[in-house]
Structures are given as C-alpha cells and as structure tokens.
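Okay everyone, thanks for coming.

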Amino acid sequence: MTSYSSKISNYVKYPLEGLDIRKFLDKDCSSEVTTYDLNAVICHHGTAGGGHYTAYAMNWLDGQWYEFDDTFVTEVSESQVADAEAYVLFYKKHSDETIKMREKVVGLCDEQESLLHFYISSQWFNKFQTFAEPGPITNNDFLCKHGGVPPCKSAVVDELVTKVPQTVWECLQHRYGGGPTVTHLHGCKTCQEELDRLQKRLTEEKQTFIKVNTLI
C-alpha cells in the first residue's frame with residue numbers, strides 16, 4: 001500500500017511583536033509575563049519530499065533582521081520577515097519591567113565605587129540578563145548547606161560568581177528575593193573536615209584491603 005503526503009502551504013499571519021497568550025494559559029499559571037516577541041523564523045522551500053531551508057533571525061543588539069541561506073547572510077526588512085512562509089517560529093518573552101531593571105542595574109554599576117560588595121551566582125545573573133522572568137536569586141549553586149564554599153568549588157568559585165556593589169544587590173534582592181546574602185567567599189571548614197575524614201577512611205580501607213589480599 002502506498003501513501004502520499006503533501007506540504008501544507010497555507011499562509012499563516014503572525015506578529016513580530018506583542019504576541020499575548022494570556023487567554024490560553026491555565027488559570028493556575030504563576031507567570032506574570034505573557035507577551036512574546038518574534039526572534040527567529042525557519043522557512044522551508046520545496047515539497048514534502050524534499051527542499052531547502054532558510055532562516056530569519058534578529059540581532060538583539062541592534063534589532064536588525066537577517067536572512068540566513070547556507071553561507072549567505074543578508075539584511076532584510078521586518079515586512080519581509082512578516083510575509084515569509086514560516087515553518088517554525090521562535091518567540092521570546094518580553095518584559096518592559098525587566099528591561100528597565102537591567103538598565104537601572106547598569107546605571108547603578110556606573111556610579112561611584114561601593115565600599116561593600118556582594119556576590120551573586122553568575123548562573124542566576126545570566127538569567128537576569130536574558131530571561132523575562134529570572135525568578136528568585138539562587139546562590140546555592142556555589143554555596144554548601146553550611147553557607148560556605150565547598151572544597152570541590154573553591155578553586156573555581158571566581159568563575160561561579162558575579163561581584164556587584166551594594167546598591168545593585170539591594171535593588172535585585174528587593175525585586176526578586178532569594179539569596180542567601182554573600183559578602184565574603186570563604187571555604188567551608190565543616191565540609192573540608194568531612195572530606196578529610198572521608199579521604200582518611202578511604203586510605204585506611206585501601207591499606208587494609210591490600211594487607212588482607214597479601215595474606216590470602
């Protein structure tokens with residue numbers, strides 16, 4: 001039995017900005033941001049049996065759209081993107097409040113040198129710079145349960161944190177909550193003692209095994 005399929009080529013109209021999906025969300029959804037902006041489009045040229053793919057993507061630095069066709073990259077207008085025969089659409093949450101918060105943080109960083117600095121998880125700070133809803137600050141990715149830096153992360157902790165002035169920390173913590181507050185990076189003595197005891201036990205067990213094995 002032979003089956004046939006064909007490509008659906010119906011034109012789909014889609015917005016480049018301000019796609020609000022609030023009415024489609026579950027009533028228990030906790031998200032405060034429901035508006036999305038288009039960031040990229042994949043287009044298929046051809047039939048269901050074969051063809052060619054191109055893409056449009058926006059440079060978030062200057063808002064310019066580009067067409068990507070194999071090795072060729074070309075500037076295009078928004079109207080050309082809006083009229084494309086879209087195959088896949090990529091939308092990103094948009095929040096004016098978060099954009100203003102980022103601008104505020106940049107301004108606070110440019111102010112006079114702070115006498116007191118705080119450390120924030122670089123992973124969370126990256127979410128703040130890219131997500132519309134970064135969620136509460138989570139510094140536990142570089143801290144142990146005792147509030148210090150665990151031995152396994154002490155050598156790379158500088159890569160795991162972002163140092164910010166007091167005004168920035170207070171601004172972010174007031175808006176997003178979370179924590180814990182970190183003003184100093186210190187190795188955890190408790191974790192180090194636990195690690196030392198573990199290594200000592202492993203050494204003793206290994207020596208005992210070797211000794212018993214020689215007697216057999």
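So, which residues are linked in a network of salt bridges? They're Glu 32, Glu 97 and Arg 175. By salt bridge I mean a side-chain nitrogen of Lys or Arg within 4 Å of a carboxyl oxygen of Asp or Glu.

Quick note on the source: this is a predicted model, where local features need pLDDT of at least 70, side-chain atom pairs count only at pLDDT 80 or more, and totals for chains, interfaces and linings use all residues. Residues are numbered from 1 along each chain as its sequence is written, and side-chain values use heavy atoms, leaving out hydrogens and water.

Back to Arg 175. With Glu 97, the N to O distance is 2.6 Å. Arg 175 sits in helix 5 and Glu 97 in helix 2, so this pair ties together parts 78 residues apart in sequence. Helices here are DSSP runs (H or I, at least four residues), strands too (E, at least two), numbered from the N terminus.

With Glu 32, the closest N and O atoms of the Arg 175 pair are 3.9 Å apart. Glu 32 is in the loop between strand 1 and strand 2 (35-47), so here the parts tied together are 143 residues apart.

Buried or exposed, what about Glu 32? It's exposed, at 59% relative accessible area. Arg 175, at 31%, counts as partly exposed, and so does Glu 97 at 43%. The cut-offs: buried is under 20% relative accessible area, exposed over 50%, partly exposed in between (1.4 Å probe, protein chains only).
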